[in-house]
Amino acid sequence: MTRRILWVPLLAFVVLAALFAWALPHGPQGQVRSRLIGKPLPAFTLAPAVPGKPGLSNTGLRGQPRLLNVFASWCVPCAAEAPQLAKLRAAGATIDAIAIRDTPAEIARFLADYGDPYAAIGDDKASAVQLALGSSGVPETFVIDGQGRIAHQHIGAIRDEDVPVLLAKLKEAE
């Protein structure tokens with residue numbers, strides 16, 4: 001009987017390891033969507049993230065449909081989506097940004113390395129605005145309609161196949 005008890009911890013470990021091995025490739029069962037889709041942006045005012053660029057406020061995001069990109073210089077997928085943001089800008093999209101938990105020097109370096117498609121960049125050092133938007137990570141891009149409402153949320157890096165979808169969402173938001 002005592003010998004059988006010695007095998008219990010090993011058996012428990014094997015069962016847990018098998019459970020984790022099964023769950024790992026299946027990943028989360030969905031993405032966390034903002035509850036503000038279809039609603040006005042929360043009130044906020046962010047100082048400029050880099051010299052020479054304006055900051056950002058919810059009232060400044062009215063008048064015409066635009067993209068609001070949440071990014072960080074330390075975010076690898078943010079660098080990967082830079083060419084697609086340039087394509088969106090070249091297609092006529094106005095793109096504003098919120099830089100989270102970053103420094104002006106690192107943001108400037110990121111923009112120099114990967115391009116600067118942004119009309120304005122707000123500095124969200126504590127991620128307070130990011131969280132108020134319902135954003136769960138970086139990068140995320142929101143389509144904002146002319147009245148300052150969130151019309152669409154794109155979670156993750158923008159890929160080539162996402163560019164026409166975002167342009168269509170901007171057109172719908174007019």
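**Entry 1**

I started at arginine 149, which is partly exposed at a relative accessible area of 34%. My classes are buried for under 20% relative accessible area, exposed for over 50%, and partly exposed in between, with a 1.4 Å probe and protein chains only. Before going on, I noted that this is a predicted model, where local features need pLDDT of at least 70 and side-chain atom pairs count only at pLDDT 80 or more, while totals for chains, interfaces and linings use all residues. Residues are numbered from 1 along each chain as its sequence is written, and side-chain values use heavy atoms, with hydrogens and water left out.

Which residue pairs with arginine 149 in a salt bridge? I found aspartate 145, with the closest N and O atoms 2.9 Å apart. I call a pair a salt bridge when a side-chain nitrogen of Lys or Arg is within 4 Å of a carboxyl oxygen of Asp or Glu. Aspartate 145 itself is buried, at a relative accessible area of 6%.

**Entry 2: other salt bridges**

I counted ten salt bridges by this rule. Among them, aspartate 123 pairs with lysine 125, and the closest N and O atoms are 2.9 Å apart. Is aspartate 123 buried or exposed? I get a relative accessible area of 14%, so aspartate 123 counts as buried.

I also looked at glutamate 161 and arginine 159, whose closest N and O atoms are 3.4 Å apart. Glutamate 161 is partly exposed at 49%, whereas arginine 159 is exposed at 52%. Shared partners join Glu106, Arg109 and Asp113 into one salt-bridge network.

**Entry 3: the cavity**

How many cavities of 30 Å³ or more are there? I found one. On a 1 Å grid over the protein atoms alone, a cavity is a set of points where a 1.4 Å probe fits but cannot get out, and lining residues have an atom within 4 Å of a point. The volume of the largest cavity is about 40 Å³, taken as the space filled by probe spheres set on the points, which are joined across faces, edges and corners.

I listed Phe71, Cys78, Ala82, Leu85, Phe110, Gly115, Pro117 and Tyr118 as the lining. By class, seven of these are nonpolar, one is polar and none is charged. In my classes, Ala, Val, Leu, Ile, Met, Phe, Trp, Tyr, Cys and Pro are nonpolar, Asp, Glu, Lys and Arg are charged, and the others, Gly among them, are polar.

**Entry 4: a surface patch**

I found a nonpolar surface patch made of Leu6, Trp7, Leu10, Phe13 and Val14, with about 590 Å² of accessible area together. Patch residues have over 30% relative accessible area and no salt bridge, with nonpolar side chains joined within 5 Å; the areas are Shrake-Rupley values with a 1.4 Å probe. Tryptophan 7 is in helix H1, residues 2-26, and is exposed at 57%. Helices (H or I, at least four residues) and strands (E, at least two) are DSSP runs numbered from the N terminus.

**Entry 5: backbone checks**

I found a cis peptide bond between valine 138 and proline 139, with omega about -10°. Proline 139 sits in the loop between helix H5 (128-133) and strand E6 (140-144).

Where is serine 127, a non-glycine with a positive phi of about 60°? I placed serine 127 in the loop between strand E5 (120-124) and H5, and serine 127 is buried at 5%. Arginine 101 also has a positive phi, near 40°. Arginine 101 lies in the loop between strand E4 (95-100) and helix H4 (104-114), and is partly exposed at 47%.

Conventions
1 Å grid on protein atoms, 1.4 Å probe; cavity = no way out; pocket = protein on both sides within 12 Å on 5 of 7 lines; lining within 4 Å. Patch = residues over 30% accessible without salt bridge, like charges linked within 9 Å, V, L, I, M, F, W, Y side chains within 5 Å.
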